[in-house]
Every structure is written in structure tokens, then in C-alpha cells.
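Please look through the structure below before reading my comments.

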Amino acid sequence: MENRTEAKNTKKVIIVVILALVLFGAYGYYDIVLKKKINGTTLIDNPTDGAITVLLDSKKYEVTAHQYVEVKDITLGYHTLSCEQSGIKNEKFNIDPVAYGVINPTRSKYVIYNMIYTQKDLSSQFKPYKVEGREIFSLAGAPEVLTDLFIPDRTSGKGNIDDKEPDTQSYNSFNQDYSVLSKIFRLSDFFEYYDKANKGSK
């Protein structure tokens, strides 16, 4: 009986050690490999023609016209924002589900658009949507027009307004005909991108 009990205990110890090693290895992989790939930014943006002063959780940021500033070490959860120029005073907003994205103290309009990368002609599959009175075609859902105080970058750091859209995007042609990259645009920048991307396609 004692030998059986000892064998069971030994097995339990071995299982615990293996689980600990797996967890340690997974964390190490995240910390060394994945964390470097997830390298997004959190930006206070000012697309307007005038400078603004923003108070974010009692910390002051000066943002000149048509510029943005990066916010370091922002956390998930609720924060307080004030901006005299846009009439916002001690307004709470939630940074969720990711910390990366655009803080929008001027309540300007931004567009989240799913860019398509493909080597095939899929034009017949695109559907028309209205964006601020313009007809915009999309294969991967309707473009979102947002004025929220926080607009999340859902791409693990690849689709914020400071990220230049790539010319090509890898995709697995065995599973699908295209690859999708979601990106945040200022409204005027979106129309500029869209017109450039579709130049000569009509």
C-alpha cells in the first residue's frame, strides 16, 4: 500500500512540475516573442485646426493642430478626460478591450475600415455602404464611423492612425482568397486612402 501511495504522489509531483514548465515556457514565449510583435500605441489625437489642452487623469497634454501625442503606460479600465476646447469636463470613458487606440478629446469622426489584400479579382463580392454620404465598397463588413472618446486598435498594434497601411499582407490561399487588416483612419484620411486604393479600378 505504501508503495502505491508513494507512486501516486510521485506521479502528482511529476504532473505539477510538467504543468509548471509548460506555463513557464508559454510565458517565456509570450515575453520574448509575442510581446515584441504586439507593440501598439495609445494616442491622444487632434485632427482639428487649433491646438488643444487635454487633462487625462489629472495629467496635462498639449496637442497641436493636426498632430497626436503618445500616452505611455495607459491601463485598461475607466479614466477621466477634460478638454476645454471641445467642452468636455471630467468625463469618464472606458479603455477596453485593449489599451492601444485613439483617445478622441475633440469627438471627431474616425473610420474603422477592413482593408483587403488579395491576388484575385473579388470585386463582384464587395458590397456598397454609405459613409458620410459617400458610397464605399467593402468585402469585410460595413465601415464603422465613431466619435467615441476611445477608439480601440483591435489589431495588436498594426492598425492605429500612426501605422502606415502596408502594400501587401500575407494570407493563406489554401483557406481563403484574401487577408484582412482592420485600421483606424481620421475621416478625411480615410477618404484619401480609399480614393488612392481604388484609383483606376472603376
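**Notes on the aromatic residues**

1. Tyr113 and Tyr194 are both buried. Keep in mind that this is a predicted model.

2. The structure has seven aromatic pairs. In one of them, the ring centres of Tyr113 and Tyr194 are 6.3 Å apart; the planes meet at 85°, which is over 60 degrees, so this pair counts as edge-to-face. The two residues come from distant parts of the chain, 81 residues apart: Tyr113 belongs to strand β8 (residues 110–117) and Tyr194 to helix α2 (residues 187–197).

3. Phe190 and Phe191 form a tilted pair, because their planes are at 50°, with ring centres 5.6 Å apart. Phe190 is buried, with a relative accessible area of 0%. Phe191 is also buried, at 15%, because the cut-off for buried is under 20%.

4. Which residues do the ring pairs link into a cluster? They are Tyr113, Phe185, Phe190, Phe191, Tyr193 and Tyr194. Phe185 has a further neighbour: Lys183 lies over the face of its ring, 4.9 Å from the ring centre.

5. On confidence, the mean pLDDT of the protein is 84, and 78% of its residues reach 70 or more. Residues 26–37 have pLDDT below 50, and this stretch has four contacts in the model beyond near neighbours in sequence. Where pLDDT is low, the predicted coordinates should not be read in detail.

Definitions and conventions: Residues are numbered from 1 along each chain as its sequence is written. This is a predicted model: local features need pLDDT of at least 70, side-chain atom pairs count only at pLDDT 80 or more; totals for chains, interfaces and linings use all residues. Side-chain values use heavy atoms; hydrogens and water are left out. pLDDT is the predictor's confidence in each residue, from 0 to 100. Contact means heavy atoms within 4.5 Å. Rings of Phe, Tyr and Trp (its six-membered ring) pair if their centres lie within 6.5 Å; planes under 30 degrees apart count as stacked, over 60 as edge-to-face and the rest as tilted. Helices (H or I, at least four residues) and strands (E, at least two) are DSSP runs, numbered from the N terminus. Buried means under 20% relative accessible area, exposed over 50%, partly exposed in between (1.4 Å probe, protein chains only). A charge sits over a ring if NZ of Lys or CZ of Arg is within 6 Å of the ring centre and within 35 degrees of the ring normal.
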